[in-house]
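I record here, entry by entry, what I looked up in one protein structure. The structure itself comes first, and my notes follow.

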Amino acid sequence: MDNFDSHRRKLLALGGAALGLSLLPGQAFASLSTSRPRILTLSNLNTGETLKTEFFDGRNYDKSELSRLNHFFRDYRANKVKSIDPKLFDQLYRLQALLDTRKPVQLISGYRSKATNAELRAHSKGVAKQSYHMQGRAMDFHIEGVSLSNIRKAALSMGAGGVGYYPSSDFVHIDTGPVRHW
């Protein structure tokens, strides 16, 4: 009987490990571990700008393309630019791979100056006082033709930072802070 319990525990442990591995977003992680270019196509809903960029060439980040992305993610209200955490672009690239889409990412909010964040906070309960947007580590967006709930599910499956779900405002928030969701 004791031998039977030992085998049963091993079988259960193996099954649990297999299940855990099957839940990992393998395609998304594989897309970051291979040395191929990372390309994003974006549309800024507030400025009307569009951008297609190869921000990672397969080995290194392209500084001039990161600079273009920083400008694209700027606080358009205050016309201020800040360096955006490249991990945010990596998350977005992985997210598109998980969703199997090349549709443009529609940026609603990237970097926010302290003044802009305070102004938005005065008019909305959903704006954090110490927002990752002010650090260049967050974005609010949706993707043309992809349901918000699917974007949220894919973002949560990555376990790569904060994920906020705002269906009534038609966007998902991702950031490069600690793993959490709301």
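How many bridges join E1 to E3? I counted three bridges, and the two strands run parallel. Strands, labelled E, are DSSP runs of at least two residues, while helices are DSSP runs (H or I) of at least four, and both are numbered from the N terminus. I treat two strands as paired if DSSP finds at least two bridges between them.

**Entry 1: ground rules.** I am reading a predicted model, in which local features need pLDDT of at least 70 and side-chain atom pairs count only at pLDDT 80 or more, whereas totals for chains, interfaces and linings use all residues. Residues are numbered from 1 along each chain as its sequence is written, and side-chain values use heavy atoms, with hydrogens and water left out.

**Entry 2: confidence.** I looked up pLDDT, the predictor's confidence in each residue, from 0 to 100. The mean for the protein is 87, and 81% of the residues reach 70 or more. Over residues 11–31 pLDDT stays under 50, and the model has 13 contacts beyond four places in sequence for them. A contact means heavy atoms within 4.5 Å. Where pLDDT is low, the predicted coordinates should not be read in detail.

**Entry 3: overall layout.** I listed six helices and seven strands. From the N terminus on, the elements run α-α-β-β-α-α-β-α-β-α-β-β-β. Of the 182 residues, 41% count as buried; buried means under 20% relative accessible area, exposed means over 50%, and partly exposed lies in between (1.4 Å probe, protein chains only). Among contacts between residues at least 6 apart in sequence, 55% join residues at least 24 apart.

**Entry 4: strand E1.** I returned to E1, where five of the seven residues are buried. E1 is joined to E2 by six bridges, and these strands run antiparallel. Which residues stand opposite Leu 42? I found Leu 51 in E2 and Val 105 in E3. The hairpin of E1 and E2 has five residues between the strands, and there Gly 48 takes a positive phi near 80°.

**Entry 5: the largest nonpolar core.** A nonpolar core is a set of buried Ala, Val, Leu, Ile, Met, Phe, Trp, Tyr and Cys residues joined through side-chain atoms within 4.5 Å. The largest one has 31 residues, of which Leu 42, Phe 73, Leu 95, Met 139, Phe 141 and Ile 151 touch the most other members. Elements giving two or more residues to this core include strand E1 (38–44), helix H4 (86–99) and strand E4 (138–143). H4 supplies the largest share, six residues.

I then followed two of these residues. Ile 151 is in helix H6 and counts as buried because its relative accessibility is 0%. Its contacts beyond four places in sequence include Leu 95, Phe 141 and Val 172. Ile 151 and Phe 141 are 10 residues apart in sequence and 9.7 Å apart in space, C-alpha to C-alpha.

**Entry 6: aromatic rings.** Rings of Phe, Tyr and Trp (its six-membered ring) pair if their centres lie within 6.5 Å; planes under 30 degrees apart count as stacked, over 60 as edge-to-face and the rest as tilted. I found six aromatic pairs in the structure. Phe 73 and Phe 89 form an edge-to-face pair, 5.3 Å centre to centre with 75° between the planes. This pair links distant parts of the chain, with Phe 73 in the loop between H3 and H4 and Phe 89 in helix H4, 16 residues apart.

**Entry 7: charges over rings.** A charge sits over a ring if NZ of Lys or CZ of Arg is within 6 Å of the ring centre and within 35 degrees of the ring normal. The charged end of Arg 38 sits over the ring of Phe 56, 3.7 Å from its centre. Arg 152 lies over the face of Tyr 165, at 5.1 Å from the ring centre. Tyr 165 is in strand E5 (residues 162–166) and counts as partly exposed because its relative accessibility is 27%.
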